[in-house]
Amino acid sequence: MNTFHKEERLCSKKSLDLLFQNGSSFLLYPYRITYLFVDEPHQYPAQVVINVAKKRFKHAVARNLIKRRTREAYRLHKTSLLYPFLLGKQELLLLSIQYIGKEIAEYAFFEKKLISVFQKLALEIRS
RNA sequence: CCAGCAAGCCGUUCUAUCGCUCGUUAGCAUUUGCUAGUGAGAGGAAAGUCCGGGCAACACAGAGCAUCUCGCUUCCUAACGGGAAGGCAUUGGGGAUUGAAGACCUGAAUGACGGAAAGUGCCACAGAAAAUAAACCGCCCCUGUAGUACACACAUUAUGCAGCAAUGCAGCAGAAUUGUGUUACUACAGGGGCAAGGGUGAAAACGUGGGGUAAGAGCUCACGAGCUUCCCGAGUGAUCGGGAUUUUGGUAAACCCCGGGAGUUGAAAGACCAAAUAGGCUAACAUUUCAAGUUCACUUGAAGUUAAUGGCUGCUCGCCAAACGUUAGUGGGUAGGUCGUUAGAGAUAAAUGGCAACAUUUAUACUAGAUUAAUGAUAGAAAUCCCAAUGCAAAUUGGGAUACAGAACCCGGCUUAUAGGCUUGCUUUUUUA
RNA sequence: CGGGAUGUAGCGUAGCCAGGUAUCGCGCCAGCAUGGGGUGCUGGAGGUCGGAAGUUCGAAUCUUCUCAUCCCGA
């Protein structure tokens, strides 16, 4: 079920403030990951926001391309690599993926890196 | 044929799988959602936010001042700093004429292109002088002093000059010398006239020639160049042609003057929906200072009507309002949702009018609408271009490239970015005839 | 989406309104002083004023376009 609906995205301003003030984070080039568990009713086990800074990429075309490729990689691999670790938990996972690279890479690079992000996130959750 | 410049146009296509946003149909379910089918889904600049409008809220008795902005003419347009046609200026090209140029003809590019005789300011360095012309050099006139002269006049006398000498020459019709005066010249000083000439500079007070004068000067004349105003003619007009008058450096993307325009704020505008607390609004009470009384926070009397504050959305005048607090009512910031929000000064095609921008009429289709923000990923094929190899060529094989860039309320422009291709016009070079 | 500011030598700045010569401090180089270094004194080099056009005789300065950086408004 490789969907990516509105409920899987993190839109609420309150939740965003909560995430960036209290969330834990780690760095895995070219991404900075911030995450937090909250006790709220939910349909999917995680909500994600993808972020590319205007400071690093001036043109809107470049920012959109990075976000689209990251989103595509997230969509294709979340069910197999992310959701299994969240089955035991009752809380909702708020997740932020910030792109801090300097260049626009090919899709294969995004895919490889995001898979390792999921693996590291699973380790953090267990500990 | 190649290259360059200018203007206009196009600016990748198809298939499969998995996904995203919006609409729609059917079923399940009935706040809402799920499943299946089906339709639509970025640009010529969506960009920069440089102008102009629509739309919305607030404001708007009046007068003056300031600020910003535009600037040849006529027209187009909802409007514009945009566009069209024209005028003028500048630049470089071609043609004709000519010894060579210029005036002339032609087509092109560029122009923030009102006013410098309304006023003020500025014009470094250099240069005599940088703007009511002045007078450093220079030219000319007058006066004084000094000097010079194979010049002239008067006075004075008989020798004077050259040569080693003999001698020669000049001389009483007056030499030399000395003195006085005149004239001419030179120098200095003073007074006056002139602006012709002066290596500078980005720029020098109209240019050339003749006359004129003490020397000179548009002082005057001829030819040429230009300004202002007036008259006549052509044009809707900018302006152009002719005549008269006349000779006034540049700079307004310096201040400024003249004429036209501008209320302020922007979709985070604004309207609506449901629950609670503030602020706001409305009504009532209350009110600043002094004195007296007393139950000590009220009453009575008097004074003041000013100052300070706020509004008229740049400022001033002028006009208007009435503080802070308590109580009651009303109302609904922010967060969430709906609308605003995509059918329009629109697009495409044809006809008519107009040099054109554009306008009118008819027909056709409905063509993105997100809101942490939708167009993506993977695989394959085609198209165009480039490179390499093979080949006379056509072509084949392999490799590479396909730009600039992503709607956010909507339109009209401008500006900037842009791989590659197409059309039209102009220019230059080479080759062939 | 809207509004505003700044780009000058290796670094930080003045000059811009009112156009002709680019200033100061730190740093750098050389010399003096010291046995040597630091401190001190003296002298010197180094900037096409972010870029491109235009106005002007002349532009860091005036005008237009453009690039970059920073700030403000939820």
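Student: Which strands does H2 lie across, and at what angle to E3 does it run?
Tutor: H2 lies across E3 and E4 and runs at about 155° to E3. Axes are lines fitted to C-alpha atoms, for helices over the stretch in contact, with angles from 0 to 180 degrees between N-to-C directions; contact means C-beta atoms, placed from the backbone, within 7 Å. Helices (H or I, at least four residues) and strands (E, at least two) are DSSP runs numbered from the N terminus. The model is predicted: local features need pLDDT of at least 70, side-chain atom pairs count only at pLDDT 80 or more, and totals for chains, interfaces and linings use all residues. Residues are numbered from 1 along each chain as its sequence is written, and chains are lettered from A and ligands numbered from 1 in the order written.

Student: What is the strand order in the open sheet?
Tutor: E1-E2-E4-E3, four strands with mixed pairing; two strands pair if DSSP finds at least two bridges between them. E1 and E3 (46–52) are at the edges with a single partner strand each, so one side of each has no neighbour in the sheet.

Student: How do E1 and E2 pair?
Tutor: In the antiparallel sense, over five bridges. Leu27 stands opposite Arg32 in E2.

Student: Switching to H3, which residues are buried?
Tutor: Phe110, Leu114, Val117 and Leu121. Buried means 20 or more other C-beta atoms within 10 Å of the residue's own, exposed 12 or fewer, partly exposed in between, with C-beta atoms placed from the backbone.

Student: And which exposed residues are on the face turned away?
Tutor: Ala108, Leu123 and Arg126.

Student: What covers the buried ones?
Tutor: The cover includes E1 (24–28), E2 (31–38) and H2.

Conventions:
Two residues are in contact if their C-beta atoms, placed from the backbone, lie within 7 Å.
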